[in-house]
Amino acid sequence: KERFGKKPGTYTSLAFEGLVLETLREDLAEVLAEELETMIDALAIRDLNRILVCGLGNPDLSCDAIGPLLADELLVSAHIPEEDRQQERMRAVALLIPRVRAQTGMETIELLLGTIERFQPDLVIAVDALASRSLGRVGHVIQLTDAGMQPGSGVGNHTRELTRSSLGVPLICTE
């Protein structure tokens with residue numbers, strides 16, 4: 001923690017600097033899925049049936065829109081009847097896109113806690129844009145961690161942290 005200024009936890013970085021993302025999209029998705037499975041296994045969740053994905057960011061700013069863009073990419077399945085999901089071997093996946101505090105007047109954690117109370121997920125996956133001191137890493141690195149995150153910290157907004165202890169549920173963050 002002292003050396004890197006990070007909270008204790010598991011961190012994985014997938015770097016594809018100098019490469020064009022569109023040419024790697026399928027391969028990168030496969031590697032990302034494998035890394036997510038590894039992190040999920042390490043969390044030792046007994047029954048992983050319900051996953052809440054939280055797409056963080058401002059959809060009006062392209063540099064911060066990665067989370068909200070999940071609405072076009074993620075296969076949500078929480079609305080599908082359980083029998084049908086079981087037949088297809090699918091988990092119940094729900095998506096929350098809370099937008100940013102300047103647009104809602106509420107911190108992300110407030111919206112997330114209410115959704116967690118109602119949906120009761122076994123795992124939360126929070127997706128946000130990577131804030132980095134190195135411009136070369138932006139758009140060329142995906143970081144996964146179970147240590148949590150602080151939404152808005154990349155632009156100096158001081159909001160409450162999203163962590164396993166603050167949410168009461170296992171959490172994986174990707175930036």
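The largest nonpolar core of this predicted model has 18 residues, where a nonpolar core is a set of buried Ala, Val, Leu, Ile, Met, Phe, Trp, Tyr and Cys residues joined through side-chain atoms within 4.5 Å, and buried means under 20% relative accessible area, exposed over 50% and partly exposed in between, with a 1.4 Å probe and protein chains only. The residues with the most contacts inside this core are Leu52, Leu112, Ile116, Val124, Leu162, Leu167 and Leu171. Two or more residues each come from strand 2 (50-55), strand 3 (92-96), helix 5 (108-119), strand 4 (123-127) and strand 6 (171-174), the helices (H or I, at least four residues) and strands (E, at least two) being DSSP runs numbered from the N terminus. Helix 5 gives the largest share of this core, four residues. In soluble globular proteins, nonpolar side chains tend to be buried together.

The model is a predicted one, in which local features need pLDDT of at least 70 and side-chain atom pairs count only at pLDDT 80 or more, while totals for chains, interfaces and linings use all residues. Residues are numbered from 1 along each chain as its sequence is written, and side-chain values use heavy atoms, with hydrogens and water left out.

Leucine 171 touches Leu123, Val124, Ala126, Thr145, Asp146, Gly148, Leu162, Thr163 and Arg164, not counting residues up to four places away in sequence, with contact taken as heavy atoms within 4.5 Å.

Helix 5 itself has twelve residues and reaches 16 Å from its first C-alpha to its last, close to the 16 Å expected at 1.5 Å a residue, a span defined as 1.5 Å times one less than the number of residues. Within helix 5, Thr108, Ile109, Leu112, Ile116 and Phe119 are buried. These residues lie on the same side of helix 5 because they cover an arc of only 105 degrees around the axis, the arc being that of the directions from the helix axis to the C-beta atoms. Strand 2, strand 3, strand 4 and helix 6 (164-167) are included in what covers them, whereas on the other side of helix 5, Glu117 and Arg118 are exposed.

Just after helix 5, glutamine 120 takes a positive phi of about 55 degrees, and this residue lies in the loop between helix 5 and strand 4. Glutamine 120 is exposed, with a relative accessible area of 58%. Arginine 89 also has a positive phi of about 55 degrees although it is not a glycine, and it is found in the loop between helix 3 (82-88) and strand 3. Arginine 89 counts as exposed because its relative accessibility is 79%. Most residues other than glycine have a negative phi.
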